[in-house]
Amino acid sequence: MHAAKASPAFPARFVWGAAAAAAQIEGAARVDGKGESVWDRYARKHGNILHGDTPAVACDHYHRYAEDFALMRRLGLKHYRLSISWPRIFPAGDGAVNQRGLDYYQALIDSLLAHGLTPWVTMFHWDLPQALEDRGGWRSRVVPEAFATYADTIVRAYGDRVKNWITLNEIRCFTSMAYGATGKAPGVIEPPAVVNQTIHHALLAHGHAVRAVREHGGRGARCGLTDNCDVFIPVTESAADVAAAQACFVRANLAILDPIYRGGYAPAYLRQCGSARPRVARGDFALISQPADFLGLNIYSAQFARRGAGGRPEKIPTPPHYPRADSEWLKHTPRALYWGPRFAAEVYGEKNIYITENGCGYDDDTVTRGECHDLHRVEFLRSYLRELVRAIRDGVPVRGYFLWSILDNFEWTDGYARRFGLVHVDFKTQRRTPKLSARWYRDVMAANRVL
Ligand code: PNW
């Protein structure tokens with residue numbers, strides 16, 4: 001028999017990292033003048049979050065960042081995707097800046113750099129200041145306008161040391177899933193015209209973020225949106241099924257990617273909207289479609305598609321027993337990491353794609369005698385990364401990969417029960433224990449290939 005063939009190498013200078021978000025790890029919800037966020041408010045309402053959990057303490061990363069950065073360094077990490085909490089900087093969303101909030105991230109960024117980590121900063125990862133929600137939230141143009149000031153403020157403050165900026169995280173999750181459904185803060189159901197307007201306002205915020213990075217980012221500053229595009233996997237990789245899956249991809253992602261890449265809403269999207277079209281002001285699309293430097297994609301799961309009867313693209317509903325992680329939506333679909341970036345590059349011509357999140361959540365990651373044997377996570381990630389390297393070898397321009405998440409954390413409505421971390425967190429003692437997957441990932445990053 002031959003020796004097991006090594007998995008192909010990732011490109012030289014491929015960016016390996018891990019990700020987290022302020023509201024999910026920091027805690028310190030009312031410390032140093034932080035304002036209330038929509039997630040703080042949403043978590044207070046009984047029944048919204050599993051077991052009544054709240055983000056009030058989370059991983060207490062607010063106070064423990066230096067030891068967490070030291071741990072990341074020991075785990076071989078060089079790139080870390082974090083987010084800044086808007087209500088720490090502007091407790092009321094706009095108006096007076098909170099100097100203690102600004103100072104806090106100055107110190108945090110200094111510490112990060114001192115530990116040899118390169119920051120990738122998400123400006124907005126869902127924690128809208130509640131005061132802005134009270135003035136209409138994403139339904140209102142007040143929010144993108146306030147966001148413009150917030151973006152200017154943080155890029156001016158940190159742009160000398162932060163060179164990689166992610167404008168917004170997953171527009172769908174704080175627009176359609178938050179104003180057209182009840183599972184994400186603020187969790188209200190508005191009519192379709194209002195929901196479509198929230199998406200338009202998020203796109204405007206993205207535009208302001210790009211403008212802010214261009215104006216104040218300094219040399220070498222780069223920015224891009226992180227989108228959780230809907231991914232479709234062709235059942236067979238025949239030309240017919242691939243074309244069908246790509247047609248499904250285009251249709252499902254029009255609302256967000258067309259305005260950004262093409263400077264307008266596609267006729268097909270406006271037809272989908274019917275009488276619920278968003279209102280657009282003069283100049284909006286020029287702001288929204290300013291060229292960015294990269295596209296971030298959060299990819300966990302996908303649906304399947306094929307050429308159906310009459311040659312039409314057909315989505316195949318995923319059967320209930322299809323294998324998945326413990327999150328219901330997180331089906332084991334490694335080829336999502338092949339076809340997601342591939343279609344984004346083919347359809348929109350994007351030349352620089354980063355996987356800004358990929359990972360898996362389980363409820364049973366427990367520590368026994370100092371060890372957490374999360375073999376299920378290793379197998380899951382391994383299968384996805386092999387598809388990612390296949391995509392890169394086929395010419396898909398993926399430049400980096402951030403694993404979600406560095407720590408077990410506040411998993412939104414699933415509270416602390418659903419664990420996505422490479423590092424186990426005991427939420428009673430705040431003790432951190434790297435899981436088996438953390439050691440495996442350290443070796444993968446060092447070897448620059450799947451091991
Ligand atoms: C992402 N879905 O959210 C977020 O960016 C993270 O904050 C979050 O912790 C992580 O994924 C894991 O859930 C998602 O329903 C939310 O398909 C929902 C979905 C996917 C990702």
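Reader: Where does the ligand sit?
Author: The model is predicted: local features need pLDDT of at least 70 and side-chain atom pairs 80 or more, while totals for chains, interfaces and linings use all residues. Residues are numbered from 1 along each chain as its sequence is written, and side-chain values use heavy atoms, leaving out hydrogens and water. A pocket is an open set of points on a 1 Å grid over the protein atoms alone, where a 1.4 Å probe fits, with protein on both sides within 12 Å along at least five of seven lines. With more than half of its atoms within 2 Å of such grid points, the ligand sits in the largest pocket.

Reader: How many residues surround the ligand?
Author: The shell (a heavy atom within 4 Å) divides into eight nonpolar, four polar and three charged residues. Gln24, His125, Glu357, Glu411 and Trp412 are the closest, and the count is 15.

Reader: How much of the ligand's area does the protein bury?
Author: Ligand oxygen atoms lie 2.8 Å from a polar side-chain atom of Glu357, 3.1 Å from one of Glu170 and 3.2 Å from one of Trp404; polar contacts are N or O pairs within 3.5 Å. Taken alone, the ligand exposes 460 Å² (Shrake-Rupley, 1.4 Å probe), and the protein buries 87%.

Reader: How many disulfides are there?
Author: A disulfide needs two cysteine sulfur atoms within 2.5 Å. The sulfur nearest Cys248, that of Cys229, is 13 Å away. Cys372 is buried at 2% relative accessible area (buried is under 20%, 1.4 Å probe, protein chains only), and its sulfur is too far for a bond because the closest, in Cys360, is 11 Å away. The count of disulfides is zero.

Key. A polar contact is a pair of N or O atoms within 3.5 Å; within protein, one must be able to donate a hydrogen and the other to accept it, and residues adjacent in sequence count only if both atoms are side-chain atoms. On a 1 Å grid over the protein atoms alone, a cavity is a set of points where a 1.4 Å probe fits but cannot get out, and a pocket is an open set with protein on both sides within 12 Å along at least five of seven lines; lining residues have an atom within 4 Å of a point. Ala, Val, Leu, Ile, Met, Phe, Trp, Tyr, Cys and Pro count as nonpolar, Asp, Glu, Lys and Arg as charged, and the others, Gly among them, as polar. Buried means under 20% relative accessible area, exposed over 50%, partly exposed in between (1.4 Å probe, protein chains only).
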